[in-house]
Amino acid sequence: MFFEFMKTILKAKVIFDGKNILEANQIEIRDGIISKVGNNLNGDNLIDLGDEFLMPGMIDAHIHLSGASSGNLLNEIFSKHPEELMLNAIPWLKSLLKAGFTSVRDCGNTNSVFLREAVKNNIIPGPTIFAAGTTLSQTFGHGEFSHTIPIDIYKQMKLTEICDGIDSCIKGARTVLRRGSDFIKIFSTGGVLSHRDGPMQEQFTVDEIQSIVKEAQKAGTYVAAHAHGNVGARNAVLGGVRTLEHGTMLTEDTLNLMSERGVSLTPTLSIQTLITKYGKELGVSSWGLEKNESLHQNISKVLPTANRIGINILAGTDLGFLTGRDIDIGKNAMELILLTQVGKLSNIEALRAATGNFAKLGHRAGIIAPGYPADFVSFAGNPAEDIHEVLNVSHVFKSGKEVILN
Ligand SMILES: [Zn+2]
C-alpha cells in the first residue's frame with residue numbers, strides 16, 4: 001500500500017537558512033523532514049508565523065549532559081550515583097528545547113549515549129543528541145579531574161578511558177565506539193577543572209592522536225580535541241582532529257594551519273565567562289579559578305583573528321552543571337551574544353555559528369534545505385539586527401512538530 005505523507009507549509013516573514021537570509025518565505029515539511037523551500041507552496045495545512053524570524057533550531061556544539069548541580073565536579077561525581085545524575089539531566093533536555101536548541105553535541109559524558117537513545121525513541125522529549133559518550137585521556141590527563149584518587153578506582157568508574165601509547169589509544173578508541181560514541185572526544189592539553197595538570201601542558205603525542213583519528217575515520221566519524229595551550233592544540237591539528245574545543249591560547253600560525261586543514265573551533269565563551277563572573281560562589285576550586293583567568297583574557301584576542309582567517313566557528317557553551325545565573329542550561333543562546341561581544345563576530349556570523357556551521361561537520365542539523373530535519377526556532381524580534389533577540393524564543397519545532405513551550 002502506498003501512503004502519501006501530509007504536507008505542512010510553514011511560513012514566516014524572514015527565513016534564515018543557517019547561512020543566509022532567503023528570498024523565500026515558505027518551507028514544505030513531510031514526515032518531519034524538509035521537502036521544499038520556496039514561495040507559494042501548496043500543502044495540506046499551513047502554519048503561518050506572521051512577522052516572525054524563522055531559522056534552523058540552534059545547536060549547542062559543546063555541552064556535557066552530566067546532571068550535575070554544582071561547579072564542584074569532583075564532589076558531584078564522587079557523591080552521587082551515576083543513575084541519579086542521569087535522571088537529573090532529563091529536565092535539562094526540555095529546557096534546551098524550550099530555549100530553541102533542537103540539537104546538542106555532548107562533548108563527553110557517559111550518560112549522553114543513553115539519553116540520545118531515549119530521545120530518539122520518544123521516551124523523553126529533548127534535542128537530538130550527538131554524543132561523544134566516554135572520553136579518551138592519557139594518564140595524568142584532563143579526563144581524570146582528580147590526580148590524587150588512586151587511578152585504579154578512577155578506571156573502574158569508566159568516566160574516561162585512560163590510554164597511553166598507540167596500541168592503548170587504538171583499544172580506547174574502539175572501546176568507546178563500541179559503547180556507542182557518535183564521535184570521539186580526546187584531551188590534547190591539560191584543563192581548568194582538572195586538578196594538577198596545567199592548560200599549557202601537552203597531552204597525548206601526535207602519533208597517539210593520529211592512531212585515534214584513524215580508528216574514528218574507519219568507523220565513519222571524527223575526533224574533537226579539548227585544547228588550550230598552543231603546542232597541544234597544534235599536535236591535535238597535526239594528528240588530524242576535525243574540531244578544536246576551547247582553543248584559548250592558539251597562535252596565528254596554528255589558526256592558519258587549522259584553516260588549511262578545515263578544522264573547526266568551538267571557543268566555549270559561556271563557561272569561561274561563567275567561571276570568571278560566578279566561579280567562586282558556584283563552588284569552583286581556587287586552582288580552577290586561577291587557571292581560568294588568563295585563558296578567558298586571551299580568547300578575546302584569538303577569536304577575532306580566527307574569524308578573520310575564516311575558520312569555521314561553532315557555538316558551544318561547555319555548560320555541564322546548573323548555575324541559576326544568566327549563563328545556564330536553558331540560556332545557552334547567551335553563547336551567541338558572547339560571540340559578538342568577545343569574538344567580534346557579526347550577528348549573522350553568530351547565528352551561523354549556532355546553525356549552518358555545525359552542518360559542516362557532517363551532522364544532519366543546522367540547515368534549512370530539503371532532506372534536513374524540520375527543526376526550527378522562531379523569534380518575534382530579528383536577531384540578525386539585535387542578537388539579544390535569540391533569548392526571546394517564540395516557537396520551536398522538532399521534526400516538524402511544535403514543541404509546547406510552557
Ligand atoms: Zn567541555
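**Rings, a zinc site and a helix crossing**

Reader: Why is F379 called buried?

Author: In this predicted model, F379 has a relative accessible area of 0%. Buried means under 20%, so F379 is buried.

Reader: What about F53: buried or exposed?

Author: Its relative accessible area is 1%. That value also falls under the 20% cut-off, so F53 is buried.

Reader: How many aromatic pairs does the structure hold, and what makes F53 and F379 one that is tilted?

Author: There are 4 aromatic pairs. In the pair of F53 and F379 the centres are 6.5 Å apart and the planes form an angle of 50°. Stacked would need planes under 30 degrees apart and edge-to-face over 60, so 50° leaves tilted. The partners come from distant parts of the chain, F53 in strand β6 (residues 53-56) and F379 in strand β17 (residues 376-379), 326 residues apart.

Reader: Why is the pair of F183 and Y222 called stacked?

Author: The ring centres of F183 and Y222 are 5.3 Å apart, and their planes meet at 10°. Since 5.3 Å is within 6.5 Å, the rings count as a pair, and because 10° is under 30 degrees, the pair is stacked. It too links distant parts of the chain: F183 lies in the loop between α5 and β12 (184-187), Y222 in the loop between α6 and β13 (223-227), 39 residues apart.

Reader: How do you know whether F183 and Y222 are buried or exposed?

Author: F183 has a relative accessible area of 0%, and Y222 is at 5%. Each value is under 20%, so F183 and Y222 are buried.

Reader: What makes H62, H64 and D318 donor residues of the zinc ion?

Author: Their atoms, NE2 of H62, NE2 of H64 and OD of D318, coordinate the zinc ion at 2.0 to 2.1 Å. A donor must lie within 2.8 Å, so these atoms qualify. The spacing in sequence is H-x1-H-x253-D. H64 sits in strand β7 (residues 58-68) and D318 in the loop between α10 (286-309) and β16 (319-321), 254 residues apart. Both H64 and D318 are buried.

Reader: How do helices α5 and α6 pack, and at what angle?

Author: Helix α5 (residues 166-179) and helix α6 (residues 206-218) pack at about 30°, with their axes 9 Å apart. The crossing is right-handed. Among the residues in contact are I170 and L177 of α5 and I212 and A216 of α6.

Reader: What kinds of residues make up the contact of α5 with α6?

Author: The contact has 7 nonpolar, 1 polar and 5 charged residues.

How values were computed. Residues numbered from 1 in each chain as written. Predicted model: local features only at pLDDT ≥ 70, side-chain atom pairs only at ≥ 80, totals over all residues. Heavy atoms only, no water. Axes fitted to C-alpha atoms, helices over the stretch in contact; angles between N-to-C directions. Helix = DSSP H or I, 4+ residues; strand = E, 2+ residues; numbered from the N terminus. Left-handed = near helix turned anticlockwise from the far one by under 90°. Contact = heavy atoms within 4.5 Å. Nonpolar A, V, L, I, M, F, W, Y, C, P; charged D, E, K, R; others polar. Donors = N, O, S within 2.8 Å, 3.2 Å for Na, K, Ca; no water. Buried < 20%, exposed > 50% of the residue type's maximum accessible area, 1.4 Å probe, protein only. Phe/Tyr/Trp six-rings, centres within 6.5 Å; stacked < 30°, edge-to-face > 60°.
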